[in-house]
Every structure is written in C-alpha cells, then in structure tokens.
Amino acid sequence: MAARAASMLAAFVIGCTAWRPALMSHRNALRAIRTRQRAQPEADEECFAVDDWAVGEFAARCAPMEPSQDLGPGQVVSACFRGLQFVDIPTKNAGLERCHAFMTLGARVAVTAVGRQEENRGVDVFIERGQLSPVLRPFFGASRIDIGELTEIAGTPTRGALASVALRVVGSPMGAMRHPSGIPKDDIALSNAIFAVRLEKQRRPPPRDVWLITDIIDTSCVGSNRPL
C-alpha cells in the first residue's frame, strides 16, 4: 500500500513538472511576438521616411522653376518645400531659386532679413541669405514633410484669393546633433515642427493670376494671451 502511494506521488510530481518546458516555450513565443509588435511601428516609420525621400526627390526634380497660371496653391507649396528638402536638385541651390520666384517681396524680406531696396531683391542675395535663414533651415534635408489639407478663401474686389496649407516637418538627421547656432545638443532627437504656409493669388502684374507664398509661419512661435 505504501509502495503504491509512493508511485502515485512520483507520477503526480512528474506530471506537474512535465508541462513547464512547454509553458516556458509558449511564454517565450508570446514575448517574441509582443517584441515584434512593439518594434513594428518603428520599422514602418523608417519605411515611410524612405518613401517620403523618394517622393520628395522626384517632386524636386520635376518641380517648375517659375510661377504659372496653371499651378494651384497646393502645387506651389509642394514645388517650393520639396525643393528646399532637396535644395541642390536638379542643380545647386535650385530650391532657393525656386522659392525666390514663388514668393512675394514681403516673404523674401522675411527670409533674407534685409530691406526692400532694389539692390536687395536679386536672387543672388536671396540665395546667400536664405542658406542661413532660420525661416528656411528647418526644411533643408528634412527627413519627412507631410503636406496637410488645403484651405482656400475666394478673392474679393480688393484682393486675390487666399490659401493656407499646414506642413509637418521632421528635421534633418544633421540637425539632430547640433542647434542652428552650432552648439551641440544635450540629447539627440529629430526636430518635429508644424508650419502654416499662406499664399495669395496675385491680381496685379507682374505676375498676374499666379499663386505666390506670402508667409511661412512656425506655429511653435505663435502665442496668444487669450484663453482657448
């Protein structure tokens, strides 16, 4: 009787421990699946970034260099900011030349930070000053540019039609390590900013009936003392 009880106890102990390897294997499999699931969004974001670069470079190569009545406000925004993302495609400083052509005088002054005098209006001054302009630097070599929804307001007897487009810009990897001043950053992280781009359809020549950029607004610099 005692021997039978001992054998039954031994069988029970063996049965209780036999399932442990299978349970551990199952747990390890679940852990691996969860790890892959957590890593998947990062992989997707990397793929999206690669796709965005391919789309951006193609757009920069095909973008027009001068305003045209055939171009809508969304096309102007894409041409200018994809051109800044790949500023030296298809030729050196092509992106800056294009922005000079697609901006009003007020927008050019905001970029160059020099007066409206005739000698300051040339494309050479715009390129020289624009390369260091804090207005344009976030777009140079950007990892990703998302173009948001277009809002358009009809024109009136006293002004042309207005349009506004939001841009989400993930900064260049080169800017992840240093501030614009050149001082190294304490932590390495890609910048992420939202911009509002405003355009107006010109009523008076030159040029007439074309869309030009009037403002590039960094929304992080816009404040209000009014409660939301």
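Analyst: I153 stands opposite L162 in β2. Eight bridges join β1 to β2, and these two strands run antiparallel. Strands pair here if DSSP finds at least two bridges between them. Helices (H or I, at least four residues) and strands (E, at least two) are DSSP runs, numbered from the N terminus.

The model is predicted: local features need pLDDT of at least 70, side-chain atom pairs count only at pLDDT 80 or more, and totals for chains, interfaces and linings use all residues. Residues are numbered from 1 along each chain as its sequence is written, and side-chain values use heavy atoms, with hydrogens and water left out.

Now the whole sheet. Four strands form an open sheet, ordered β1-β2-β3-β4, with antiparallel pairing. β1 (144-153) and β4 are the edge strands, each pairing on one side only. On average, neighbouring strands of this sheet are turned by 20° against each other, direction ignored. α2 packs on the sheet and touches β1, β2, β3 and β4. The direction of α2 makes about 155° with that of β1. Axes are lines fitted to C-alpha atoms, for helices over the stretch in contact; angles run from 0 to 180 degrees between N-to-C directions. Contact means heavy atoms within 4.5 Å.

F81 shows the packing in detail. Setting aside residues up to four places away in sequence, F81 touches F139, I145, L167, V197, I213 and I216. F81 is also among the residues with the most contacts inside the largest nonpolar core, along with M103, L136, F139, L167, L199 and I213. That core has 31 residues. Two or more residues each come from α2 (73-85), α3 (94-101), α4 (105-112), α5 (123-130), β2 (162-170), β3 (192-201) and β4 (211-218). α2 gives the largest share, five residues. A nonpolar core is a set of buried Ala, Val, Leu, Ile, Met, Phe, Trp, Tyr and Cys residues joined through side-chain atoms within 4.5 Å. Buried means under 20% relative accessible area, exposed over 50%, partly exposed in between (1.4 Å probe, protein chains only). In soluble globular proteins, nonpolar side chains tend to be buried together.

Next, the loop between β2 and β3. L190 lies there. L190 counts as partly exposed because its relative accessibility is 43%. L190 and G171 are 19 residues apart in sequence, yet 5.5 Å apart in space, C-alpha to C-alpha.

On to the helices. The axes of α4 and α5 come within 8 Å and cross at roughly 40°. The two helices are therefore oblique to each other, neither under 35 degrees (roughly parallel), nor over 145 (roughly antiparallel), nor from 65 to 115 (roughly perpendicular). R108, V111 and T112 in α4 meet V125, F126, R129 and G130 in α5. By class, this contact has three nonpolar, two polar and two charged residues.

N93 sits in the loop between α2 and α3. N93 counts as buried because its relative accessibility is 12%. Beyond its neighbours within four places in sequence, N93 is in contact with V87, D88, I127 and Q131.

The protein has five helices and four strands. From the N terminus on, the elements run α-α-α-α-α-β-β-β-β. Of the 228 residues, 28% are buried. Among contacts between residues at least 6 apart in sequence, 58% join residues at least 24 apart.

How values were computed: Ala, Val, Leu, Ile, Met, Phe, Trp, Tyr, Cys and Pro count as nonpolar, Asp, Glu, Lys and Arg as charged, and the others, Gly among them, as polar.
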